[in-house]
Amino acid sequence: MQHNQAEPYKIKVVEPISMITKEERIKAIKEAGYNTFLLKSKDVYIDLLTDSGTNAMSDNQWAGLMLGDEAYAGSENFNHLENAVRDVFGFQYVVPTHQGRGAENLLSRILIKKGDYIPGNMYFTTTRTHQELNGGIFTDVIVDEAHDPRIEIPFKGNVDLNKFEKLINEVGADRIPYICVAVTVNMAGGQPVSMKNLREVKALAQHHEINVIFDATRCVENAFFIKEQEEGYQNIPIIDILREMMSYADGCTMSGKKDCLVNIGGFLAMNDKDLYIKATQYVVIYEGLHTYGGLAGRDLEAMARGIYESINEDYISHRISQVRYLGQKLIDNDIPVVKPIGGHAVFLDAREFLSHLLQDLFPAQTLAAQLYIESGVRSMERGIVSAGRDKNGSNRHPKLELVRLTIPRRVYTNAHMDVVAESCIALHRNRKLIKGLRFLYEPSVLRFFTARFEPVE
Ligand code: F0G
């Protein structure tokens, strides 16, 4: 029997949820154009759309909100955030932003010139879009295994050093301003990167004078996998693992809405003073003054406190164990999922789940809509719709066609996970009856957010 790790907290405030009827759900998803992003939250029973900004804050964080110093400039809460980032991540300079993509925008504008190449361990939607908007060319350098949901190896988010080196030889290091290393890799299924790989990436990049920038969005979850699975780290505190990880980067972008345990916030951090000075010039245009970056003082305080809570050993261990609890239940019932189970979500393999549907009929989008109809569980497409179109206008066809069941931090119990698993199992039983979708409306950028679909008969 699976050992069930109990929550390392008790519940002080509750938010009621309830399920509307199946007829109402069918109507709601139709009105939402079969896009779970367009559903009303009140029509959702268990919301696994994302782990972004959906965290439950602690009593200590809520208390911190009352200590917001809402001065326009030089807020005390900024100092707290800066100290937390220096202490836990080891970066000297911090520029707050309203969320992760705000930091990506600043970084891309500062570092990328037209025609530059940006290698990365698989793309993330907003990250790649900012790179491309600034004339950059994203190049995937993740290990091949990451594109196959069935291959079960540890550290499936690793950078393939041969691919990275090949790109350097082909285009020249002077056309690669930085390599973007995501820890963990969201689109690959929340897969971590090993410390050894981070060390090697840094050595190769440094040799060619290429910056290493982490997408640190889920870095604490990555640190947990290193502690658990990489030789020599079992007895090292999470905070020290995190510090070592960050020592192999020149800077990072951070969406605080994930591992920093807040509902809004992010930052760009770095060690280079020139880069920092440029960032302070851009942040005032796009976000706000360099000491608040589009956030209220109270938000900065909640993030500073969240950073310390996120490295608590009991917290992070329970976090990963809850994601695995759901994943294991699905595996035990022969539901196709990405293996191994990653840090923030369980990913259904829609390509296999709906193997009778061609990718151009949007199997993952279809499955997400059907799961909502089945049980009011909201999930997210991470496949052909998210991948968008290439420069020539044709659909990108990613190997991974996934539905993400993303677990918010400290929000649901394992009883909720049981409901989710049972509805996936029920749907799987009747999968052959499910038909695909086609576009009714397709936005030109980041289309998955607001696209509308209709069923194909
Ligand atoms: N990087 C990664 C790896 C992310 O997962 C996200 C957001 C971002 C950057 C951008 O951060 O949302 O604060 O602007 N991921 C969310 C998700 C949207 O649902 O996976 P943001």
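Visitor: How does Phe449 count, buried or partly exposed?
Guide: In this predicted model, Phe449 has a relative accessibility of 24%, so Phe449 counts as partly exposed.

Visitor: And Phe37?
Guide: Phe37 counts as partly exposed too, at 21% relative accessibility.

Visitor: What do Phe37 and Phe449 form?
Guide: They form an edge-to-face aromatic pair, with 5.0 Å centre to centre and 75° between the planes. Phe37 belongs to the loop between helix H1 (22-31) and strand S1 (46-47), and Phe449 to the loop between strand S13 (437-441) and strand S14 (452-455), so the pair ties together parts that are 412 residues apart in sequence. Phe37 and Phe449 also form one aromatic cluster with Phe448.

Visitor: What lies over the face of Phe448?
Guide: Arg382 does, at 4.7 Å from the ring centre.

Visitor: How many aromatic pairs does the structure hold?
Guide: The structure holds ten. One of these aromatic pairs is formed by Phe362 and Phe439, edge-to-face, 5.0 Å centre to centre and with 65° between the planes.

Visitor: Is Phe362 buried or exposed?
Guide: Phe362 is buried, its relative accessible area being 4%.

Visitor: Changing topic, which residues touch the most other members in the largest nonpolar core?
Guide: Among its 64 residues, these are Phe89, Phe214, Cys219, Met245, Phe267 and Ile307. Helix H8 (residues 219-229) gives the most to this core, namely six residues. At least three residues come from each of domain 1 (22-51 + 313-455) and domain 2 (59-310).

Visitor: What is Cys219 in contact with?
Guide: Beyond its neighbours within four places in sequence, the contacts of Cys219 include Phe89, Met245 and Asp259.

Definitions and conventions. Residues numbered from 1 in each chain as written. Predicted model: local features only at pLDDT ≥ 70, side-chain atom pairs only at ≥ 80, totals over all residues. Heavy atoms only, no water. Core = buried A, V, L, I, M, F, W, Y, C linked by side-chain atoms within 4.5 Å. Buried < 20%, exposed > 50% of the residue type's maximum accessible area, 1.4 Å probe, protein only. Helix = DSSP H or I, 4+ residues; strand = E, 2+ residues; numbered from the N terminus. Domains from an automatic or database assignment. Contact = heavy atoms within 4.5 Å. Phe/Tyr/Trp six-rings, centres within 6.5 Å; stacked < 30°, edge-to-face > 60°. Lys NZ or Arg CZ within 6 Å of the ring centre and 35° of its normal.
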